[in-house]
Amino acid sequence: MSDSAGLQFVSPYAFEAMQKVDVVRLAALSDPELRLLLPCLVRMALCAPADQSNSWAQDKKLILRLLSGVEAVNSIVALLSVDFHALEQDARKEQQLRHKAGGSNGESVLVSQLQHGLTLEFEHSDPLRRLRLALSELLAIMNKVSDSNGEFFLKSSELFESPVYLEEVADVLCILQAELPSLLPIVDVAEALLHVRSGDWFLCLLVANVPDSFNEVCRGLIKNGERQDEESMGGRRRTEALRQLCQMNPSQALNIRAMVVEECHLPGLGVALTLDYKPDSADDAVSPLVSFVSGLLLGTNGKVRTWFGMFIRNGQVRKRESSSVLWQMRRQLLLELVAILPRSRSTHVPNDSEGDGDGGSGYSGLREEHVVKASALLRLYCALMGIAGLRPTDEEAEQLLQLMTSRPPATPAGVRFVSLSFCKLLAFPTLVSTPEQEQLMVMWLSWMIKEEEYFESAAGVAASFGEMLLLVAMYFHSNQLSAIIELVCSTLGMKIAIKPSSLSKMKTIFTQEIFTEQVVTAHAVRVAVTNSLSANISGFLPIHCIYQLLRSRAFTKHKVSIKDWIFRQLCETTTPLHTQLLPLIDVYINSILTPASKANPEATNQPITEQEILNVFQGLTGGDSGRGRPQYSITTQLLILYYILSYEEALLVNTKALALMQRKPRSYSATLMDQIPIKYLIRQAQGLQQELGGLHSALLRLLATNYPHLCMVEDWISEEEITGTLPLLRRMLLTSATCRYSQQQLQEAFQAVPSSGPRLMRILEHLTLLSAGDLIPYAETLTSHMGLLLGAGVSRRVLQTVNKLWMVLNTVMPRRLWVMTVNALQPSAKLTRQQRYTQNDLMIDPLIVLRCDRRVYR
């Protein structure tokens with residue numbers, strides 16, 4: 001509203017003094033400022049107060065003293081002296097008359113026989129007639145507003161446009177609204193004032209004289225406002241009026257902005273209030289404008305997102321106007337972007353001698369304190385371009401590219417910034433339009449590859465941008481453009497419509513200049529595994545890259561061994577289980593058994609060796625080394641078990657195809673399988689089902705296929721007796737570490753049977769308090785000395801206790817226990833010959849079990 005440009009508005013200081021009725025601050029106001037607040041102050045001084053306290057009496061005296069020297073007070077006192085009841089009755093009669101006449105300006109009850117224009121009549125009239133003139137004009141405007149059906153009009157009113165009498169008219173207006181609130185609701189009056197010249201000035205004076213109506217007036221104006229305020233003159237006038245109100249009361253600006261978003265009206269006002277907002281303490285991280293617009297476009301409210309996106313699209317249709325709120329917003333964002341650029345940069349690309357002086361850090365190093373702000377700006381521009389359809393100007397595109405190709409410090413925020421920049425390049429390749437810009441982008445991508453390992457180690461993050469580069473390169477090679485689009489949207493945290501055809505230039509650069517397939521495979525195998533890999537680590541990790549390369553058979557095609565990397569990663573896992581581990585094992589097994597192509601049937605990956613598998617289970621297989629804690633986590637052991645069982649099942653499924661191969665994959669030996677406590681590991685997986693995802697159910701399925709004799713219902717029932725509540729309470733008695741017995745002590749007690757019966761019994765009773773897993777190291781000693789218990793004089797209690805311990809061990813290591821027991825209870829003749837049976841022997845000839853020492857049958 002440029003027509004009120006030269007008028008003095010109520011200052012924030014004066015408005016706050018009126019809100020708090022701070023007489024001391026009011027006394028400090030200048031005469032022009034005080035003049036604007038006279039209607040309220042005069043009423044305050046003359047009307048009988050509800051507050052009868054002594055402090056208010058003193059304040060009232062100060063107000064009277066303050067008003068005593070102001071000449072205009074007399075005219076306001078005269079206005080307050082009229083009969084407002086009679087005035088209201090006449091006004092209601094006029095409203096009825098206008099209603100009957102259909103809103104036409106016919107006969108008036110309030111004003112009759114005007115000899116001159118409204119301005120001259122106003123000048124020559126007494127206070128009552130002034131009130132009648134202003135009230136008649138205001139009611140006419142309000143009546144026209146109610147009949148306009150939302151169409152905006154600008155009412156030409158001599159009374160409201162005369163610069164000489166603006167202050168007197170404002171006085172009359174404030175007195176009328178204060179004395180006739182039922183006839184003139186303040187929200188309706190505010191709506192009517194938008195339709196006269198200098199309406200925002202009248203509105204601010206009206207609200208300043210009724211300061212507690214501020215929120216009510218603002219909410220009413222917003223509710224009645226347009227969805228897109230910059231589309232019409234009415235919307236722009238409404239926005240300007242509300243903006244002036246918020247400048248008068250800046251503490252409520254953010255609340256008014258929240259009302260704008262809540263109602264989805266006047267988007268330009270929301271942006272304008274954000275541009276006007278000056279926080280008390282400057283925040284170096286993210287500006288209020290970036291936070292506000294990002295919240296609208298990236299929030300969860302789809303209605304708000306659509307509403308603000310329409311504001312951006314519509315704003316671009318009109319020609320560029322410096323007064324447009326949209327262009328003010330874009331200019332401010334561009335200024336913020338330029339302010340954090342490393343230094344004055346251009347698309348000039350330095351040659352090798354210029355760029356490699358100090359690793360490129362001097363060329364475009366982004367300051368650490370600006371990294372978070374730069375990331376926020378990148379995401380905001382992604383949202384503006386991808387969601388709201390913003391078309392960047394040449395200047396915006398140029399500066400954005402400078403920011404995206406800058407090089408941040410090696411911090412977690414720096415890693416995040418590089419990932420966002422890379423995804424923005426993929427999402428909006430049109431930002432790179434000239435050969436110089438393309439060369440700059442290629443150099444920046446080469447820098448990413450070169451610095452990836454340093455960033456990951458220095459920043460201390462598991463998911464770096466190197467994995468994302470590899471993954472995108474692999475997707476380009478396999479032409480999985482939809483996967484790249486999904487990856488970009490996931491990293492940016494927003495759904496953007498990206499045409500696969502727009503990625504053709506980037507695909508050419510990646511597959512021909514930066515990442516050939518051979519480079520990808522060679523680089524991937526050198527990438528360090530993720531330490532303590534679990535589902536708690538988010539982002540794109542090396543495991544995602546290896547998985548994609550295994551699926552595309554790149555490793556076997558280029559004869560790159562990946563077995564060691566996969567084994568190291570399986571050894572570096574913990575709970576909760578990462579979702580990519582089981583698919584990785586499945587695709588790895590497929591690459592071992594299935595050639596990459598018929599032309600090269602030998603192009604397969606190598607399986608994990610038996611020695612590596614044995615190392616994983618060292619500490620669970622008993623013996624002297626079993627007393628220490630296992631070197632590998634239970635997650636690793638379960639994954640290796642899943643690998644072995646899946647591998648063996650795949651061999652059975654692909655028997656026909658494997659028979660045609662010259663170099664057939666070999667099954668793992670029975671000796672290896674005997675060393676793995678499968679039942680114990682399954683029990684451990686059962687207790688960790690929540691953290692292992694679907695691994696436990698997958699193991700049970702494989703167990704039923706490969707080892708059905710370990711899935712006997714009777715065994716499961718007996719396990720319940722061993723793992724139930726009563727055994728748990730008994731183990732709670734085992735609190736002292738000093739009463740533990742070694743395998744050597746158990747062996748000595750066995751060898752002295754039957755004379756050492758009481759001592760052996762004490763050790764055996766102690767062993768019954770141990771869990772099945774803790775009992776495994778004692779299995780060798782218990783079974784190898786069973787033959788000594790067949791002699792005369794051994795108490796039945798000792799035999800029953802040994803039998804009980806054997807049943808406990810049978811729940812965790814049944815197959816190995818069976819072989820050890822059969823070998824220990826052979827007849828003396830066979831023991832002399834040191835004949836040893838294996839699990840395979842028992843499977844071929846089960847009657848070996850019955851050819852034991854005859855004393856067993858006594």
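Me: Where is S532 found, and what makes it count as partly exposed?
Reply: In this predicted model, S532 is found in the loop between α30 (517-524) and α31 (542-551). Its relative accessibility is 44%. Buried means under 20% and exposed means over 50%, with partly exposed in between, so S532 counts as partly exposed.

Me: Which peptide bond is cis, and what is its omega?
Reply: The bond that joins T575 and P576 is cis, with omega at about -5 degrees. P576 is found in the loop between α33 (563-571) and α34. As a rule, most peptide bonds are trans.

Me: Why is the pair of Y588 and Y643 called stacked?
Reply: Two values decide that. The ring centres are 6.0 Å apart, and the cut-off for a pair is 6.5 Å. The planes are at 25 degrees, and planes under 30 degrees apart count as stacked, so this pair is stacked.

Me: What does the pair of Y588 and Y643 tie together?
Reply: Y588 lies in helix α34 (residues 581-593) and Y643 in helix α36 (residues 634-653), so the pair ties together parts that are 55 residues apart in sequence. Both Y588 and Y643 are buried. Ring pairs also link Y588, Y643, Y647 and Y668 into a cluster. The structure holds nine aromatic pairs.

Me: How do you know that the charged end of R25 sits over the ring of Y13?
Reply: The charged end of R25 is 4.3 Å from the ring centre of Y13, and the distance cut-off is 6 Å, together with a limit of 35 degrees from the ring normal. Another case is K144, which lies over the face of F153 at 4.7 Å from the ring centre.

Me: What makes α49 mostly covered?
Reply: In α49, 10 of its 11 residues are buried. Among them are P814, L817, M820 and T821.

Me: How much space lies in the largest pocket, and which residues are closest to its centre?
Reply: The largest pocket holds about 680 Å³ of space. Of the 27 residues that line it, M786, W806, T821, L825 and V856 are the closest to its centre. The elements that give two or more residues to this lining are α48 (796-810), α49 (814-824) and α51 (839-844). With four residues, α48 gives the most.

Me: How does the lining of the largest pocket divide by class?
Reply: It has 18 nonpolar, five polar and four charged residues.

Methods
Residues numbered from 1 in each chain as written. Predicted model: local features only at pLDDT ≥ 70, side-chain atom pairs only at ≥ 80, totals over all residues. Heavy atoms only, no water. 1 Å grid on protein atoms, 1.4 Å probe; cavity = no way out; pocket = protein on both sides within 12 Å on 5 of 7 lines; lining within 4 Å. Points joined across faces, edges and corners; volume = space filled by probe spheres on them. Nonpolar A, V, L, I, M, F, W, Y, C, P; charged D, E, K, R; others polar. Phe/Tyr/Trp six-rings, centres within 6.5 Å; stacked < 30°, edge-to-face > 60°. Buried < 20%, exposed > 50% of the residue type's maximum accessible area, 1.4 Å probe, protein only.
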